[in-house]
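Let us work through this model by question and answer. Have the sequence and structure open.

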Amino acid sequence: MLPTLVGAAILVFFLLRAIPGDVCEVRLAGSGLYVDEAEIELCREKLGLAKPLIAQFFDFITGYFTWDLGDSMWTGKPVTEEIGIRFPLSLQVAIMATVVAVVFAIPLGAISAIKQDTWIDYAVRTFSIAGIAMPSFWLGILIILGLLIGTQHFFGTPWMPPIDYVPLYEDPLRNLSQLIWPAVATGYRYSAVATRMTRSALLEVLREDYIRTARAKGMIEKIIINRHALKNSMLPVLTIIGIEFAFLMGGLVVTEQVFNLNGIGKLFVESVQAQDFAMTQQLVMLVVLIALLTNFVVDLIYAWLDPRIRYG
Amino acid sequence: MKKSIFKMFVMATAGLVFALTGVLSASAATPKRGGILNFVVGSKIPSYDGHIESTFGMIHPIRPFYSLLFRVNPDNPADPTDFLCDVCEGSVPAGAKGGTEYTFKIRKGLQFHNGAPLNAHDVKATFDKIVFPPEGVPSNRKAMFRMVDSIVVPDDHTIVFTLKFPSGAFIPAMGMPFNFIYSKKDLDDNGYDWHKKNINGSGAFIFVEHVAGSHVSGKRNPNYHHEGKPYLDGFKAISAPKMSIRLQAIRGDRAAIEFRGFPPKARDDLVNALGDKITVQESDWNCALMFTANVRRKPFDDPRVRRALTLAVDRYEASQYLANIAIVKTVGGIVFPSHPLAATAAELEAMPGFSKDIEASRAEARALLKEAGADGIEFDFNNRGVDQPYKVVGTWLVDQWRQVGLKPIQRVQPSPQFYATLRKKHDFDVSVDFNCQSIVNPIADVTKFLCSAGNHYSGCENPKLDEIYGRLLRAESQDQQRVIMREFESEAFDTGGTALTLWWYKINPHRSYVKGWKIAPSHYLNQSLDQIWLDK
């Protein structure tokens with residue numbers, strides 16, 4: 001884990017600074033208003049951008065040892081505070097999308113495998129291929145437009161989901177009425193991938209000798225599927241779920257914009273646009289950390305699902 | 001007889017109906033109290049300090065918490081010369097002592113949201129921070145106050161600004177919406193950085209919360225100094241960077257208004273979807289889209305080539321057709337079109353690139369290019385990766401230049417890289433450029449055309465422009481200013497590297513229940529929200 005984190009830190013730091021422009025240009029000259037060049041230089045000095053690159057890198061790295069991850073170059077507020085505001089929303093959407101995906105993917109994938117080459121299988125495969133082919137942000141746009149047009153048509157007044165976040169514990173109804181739509185939009189694509197993986201993994205397991213043996217000794221099909229086949233086919237599905245979950249935590253860049261969600265993905269876009277190096281660096285490191293932790297958790301679940309797997 | 005009685009009856013009935021209608025419409029125009037105004041903002045807040053920030057992303061949500069010394073008339077913001085006192089009393093003073101002394105009387109009984117009194121010392125502390133900041137303290141617009149010599153407070157309710165020379169740029173600069181009045185005590189006790197992260201104003205609304213990336217909310221200030229205002233109980237400024245979200249938010253009534261502006265297509269979509277539930281206000285915008293030729297590079301060091309670039313552009317046709325798809329419309333010179341200092345149509349037509357005979361202009365452009373040995377050249381055209389209006393106008397410019405045989409290759413870059421090219425690297429032949437100012441202050445705004453200005457990117461050298469500008473800055477009467485402005489404009493167009501395309505056009509479709517707000521020629525102006533009420 002550590003070498004990956006160090007490598008990511010070096011890469012993100014130097015790659016960001018290889019891009020022309022900086023936050024002071026965007027902040028003070030971006031609106032086209034009159035700006036004094038001395039003010040831009042003053043801004044650079046205050047943000048530490050005038051220091052040599054190696055000194056900036058040293059500040060960045062030592063921040064991890066002093067638990068001072070720095071301040072956003074755009075707002076001046078601590079990076080941890082800025083991320084802390086957005087993290088619960090991204091986490092909730094990721095969890096909801098995962099729930100949507102799992103609820104659909106495992107039963108559909110299993111039915112599709114069991115009813116292989118029947119109309120049910122074809123229907124599930126069509127549904128899942130459509131989900132893979134359809135970008136979730138595009139589905140999101142369709143959902144918003146569909147809600148606006150549909151409600152205006154049927155009720156006379158257009159309705160769209162709320163565009164500002166309220167935590168679940170404050171107003172559950174308003175929270176869910178905002179987040180259910182992006183969860184469905186991203187969960188559909190996510191479930192499509194997982195459905196196809198469940199189907200092919202289960203088909204492979206169903207062809208194993210021990211399944212044939214179970215059937216030969218007259219075991220009930222339901223028990224064969226649920227107890228012996230499904231559990232063993234879950235390893236690749238779990239990998240997919242893990243990867244997708246990690247992706248959702250930082251990768252919902254466009255979908256968060258489409259639904260105006262104040263999450264990590266939107267912050268990512270805004271930070272990159274504003275050349276806010278401090279924020280972008282820490283966001284990249286956060287996403288790398290989440291990906292590593294998710295992989296670690298998936299590895300632990302592997303061992304639980306398949307007792308033959310042992311980590312030395 | 002019967003006919004005349006009938007006629008009188010009909011007239012009386014009509015009169016009664018007319019009178020009743022008048023009464024009803026008058027009562028409909030009476031502001032209603034209460035309600036929360038939700039509006040969307042397409043940009044982010046860097047800090048809360050108006051003295052150093054320059055984005056409307058800060059002005060729209062934060063300006064309602066602060067007062068200004070004076071402001072554009074909220075009921076007549078379209079007039080760029082109509083100013084009204086905010087914390088000052090009476091009318092905005094004219095300059096005494098040959099236009100070098102401005103004395104403002106400050107209202108009595110004013111207070112900040114924390115209960116501290118507001119008087120002339122606070123106004124002085126504010127303008128000292130803006131005009132004479134200590135070393136190392138940023139003040140983004142201090143150059144606009146270079147004419148100010150001293151600021152003196154003879155008593156608690158009087159403040160006097162003494163100028164080094166009379167200047168027509170002083171009053172508009174003082175009315176800029178960024179000049180938030182801060183408490184002297186806050187500055188003294190907490191330092192000059194305190195207002196970046198804290199708010200203590202005296203505006204129509206009191207700060208409630210800011211959830212970064214989500215929203216800013218404010219509640220009614222019961223001690224606001226404009227009697228009876230504000231009408232709203234509060235407001236919520238919701239951050240929504242995507243234009244489609246801002247548009248759909250108004251359609252779905254998640255927000256009632258967006259104060260920056262939408263393109264024509266968005267306006268039409270909203271009107272088609274909602275009919276009379278949408279009201280549209282439109283205005284010329286104090287932003288001009290331009291292009292700048294890099295005179296450091298051949299063949300753009302040749303004034304004939306630069307002149308050909310501007311002659312090739314048909315601004316009048318663009319005004320008709322481009323205005324249907326982009327937020328640009330009005331043909332104008334270097335001064336905001338409806339300002340008294342702006343060129344008249346006849347004056348404009350006499351300038352290169354503004355003739356209505358486009359064929360003759362293009363023939364001249366081709367001849368100039370041939371003469372300069374630059375006919376048919378391929379060149380790099382730097383543009384900003386923002387649709388409205390940069391990419392739309394940039395694509396149109398490519399077509400215009402092709403009409404005289406030039407071959408521009410458009411390079412669209414994200415904003416930071418676009419600025420790096422324009423301001424630091426200078427690795428462009430021609431670039432899209434723009435001049436977008438908050439308050440209409442032509443004498444300050446035209447500094448963009450000075451070769452020596454920090455925000456002029458052509459790399460040209462022209463001391464004559466500085467000399468003319470020096471006279472313009474000191475000209476006392478508007479007549480004098482007008483004559484010198486024409487001289488400046490002519491010199492800038494003849495020799496400079498920057499040329500105008502069209503002035504932007506501001507379109508604000510909003511929910512019809514939003515009343516009392518009037519469109520201004522800038523998205524920075526008229527944002528105190530104190531005159532807005534909801535007819536729900």
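Student: How many of the nine residues of helix α9 of chain B are buried?
Tutor: Helix α9 of chain B spans residues 303–311. Buried means that 20 or more other C-beta atoms, placed from the backbone, lie within 10 Å of the residue's own. The helix is largely enclosed by the rest of the structure, because the buried residues number seven of the nine.

Student: Which residues of α9(B) are they?
Tutor: This is a predicted model, where local features need pLDDT of at least 70, side-chain atom pairs count only at pLDDT 80 or more, and totals for chains, interfaces and linings use all residues. Residues are numbered from 1 along each chain as its sequence is written, with chains lettered from A and ligands numbered from 1 in the order in which they are written. The buried ones are B:V305, B:R306, B:R307, B:A308, B:L309, B:T310 and B:L311.

Student: In β9(B), what is the bridge partner of B:V41?
Tutor: Strands β1 (36–41) and β9 (234–239) of chain B pair in the parallel sense over six bridges; pairing takes at least two DSSP bridges. The partner of B:V41 is B:S239.

Student: At about what angle do α10 and α13 of chain A pack?
Tutor: Helix α10 covers residues 221–251 of chain A, and α13 covers residues 277–305. Their axes, lines fitted to C-alpha atoms over the stretch in contact, are 9 Å apart. The angle, on a scale from 0 to 180 degrees between N-to-C directions, is about 165°.

Student: Is α10(A) roughly parallel or antiparallel to α13(A)?
Tutor: Angles under 35 degrees count as roughly parallel, over 145 as roughly antiparallel. So α10(A) and α13(A) are roughly antiparallel.

Notes: Helices (H or I, at least four residues) and strands (E, at least two) are DSSP runs, numbered from the N terminus. Angles under 35 degrees count as roughly parallel, over 145 as roughly antiparallel, 65 to 115 as roughly perpendicular and the rest as oblique. A residue is buried if 20 or more other C-beta atoms lie within 10 Å of its own, exposed if 12 or fewer, and partly exposed in between; C-beta atoms are placed from the backbone.
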